[in-house]
Amino acid sequence: MKLRITIIGSGFSALSAACYLAKDGYDVTIFEKNKTIGGRARQLKKEWLYI
């Protein structure tokens with residue numbers, strides 16, 4: 001029986017951990033509240049511009 005792992009959030013660390021766990025045979029599920037993955041890496045800040 002595979003051990004199930006649930007990860008909340010999809011930042012770079014969570015995605016990396018999920019990849020390693022899945023590679024080792026775990027059943028991994030990731031939950032993300034936003035429509036896209038990436039956590040803080042999805043943001044672009046430049047002086048007056050904030051996306």
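Tutor: First, a term: a salt bridge is a side-chain nitrogen of Lys or Arg within 4 Å of a carboxyl oxygen of Asp or Glu. Bear in mind that this is a predicted model, in which local features need pLDDT of at least 70 and side-chain atom pairs count only at pLDDT 80 or more, while totals for chains, interfaces and linings use all residues. Residues are numbered from 1 along each chain as its sequence is written, and side-chain values use heavy atoms, with hydrogens and water left out.

Student: Which side chains meet in a salt bridge, and at what N to O distance?
Tutor: Side chains of opposite charge can pair when their charged atoms come close. A search of the whole structure finds one salt bridge. The partners are Arg-4 and Asp-27, with an N to O distance of 3.4 Å.

Student: Is Arg-4 buried or exposed?
Tutor: Buried means under 20% relative accessible area, exposed over 50%, and partly exposed in between, using a 1.4 Å probe and protein chains only. Asp-27, at 32%, counts as partly exposed. Arg-4 has 68% relative accessibility, so Arg-4 counts as exposed.

Student: Which side chain makes a polar contact with the side chain of Ser-10?
Tutor: Ser-10 sits in the loop between β1 and α1, and is buried, at a relative accessible area of 1%. A polar contact is a pair of N or O atoms within 3.5 Å; within protein, one must be able to donate a hydrogen and the other to accept it, and residues adjacent in sequence count only if both atoms are side-chain atoms. At 2.7 Å, the partner of Ser-10 is Glu-32.

Student: In which sense do β1 and β2 pair?
Tutor: Two strands pair if DSSP finds at least two bridges between them. Here Thr-6 stands opposite Thr-29 in β2. Over five bridges, the sense of the β1 and β2 pairing is parallel.

Student: What separates the C-alpha atoms of Ala-41 and Phe-12?
Tutor: Ala-41 lies in the loop between β2 and β3. Along the chain, Ala-41 and Phe-12 are 29 residues apart. Their C-alpha atoms are separated by 7.8 Å.

Notes. Helices (H or I, at least four residues) and strands (E, at least two) are DSSP runs, numbered from the N terminus.
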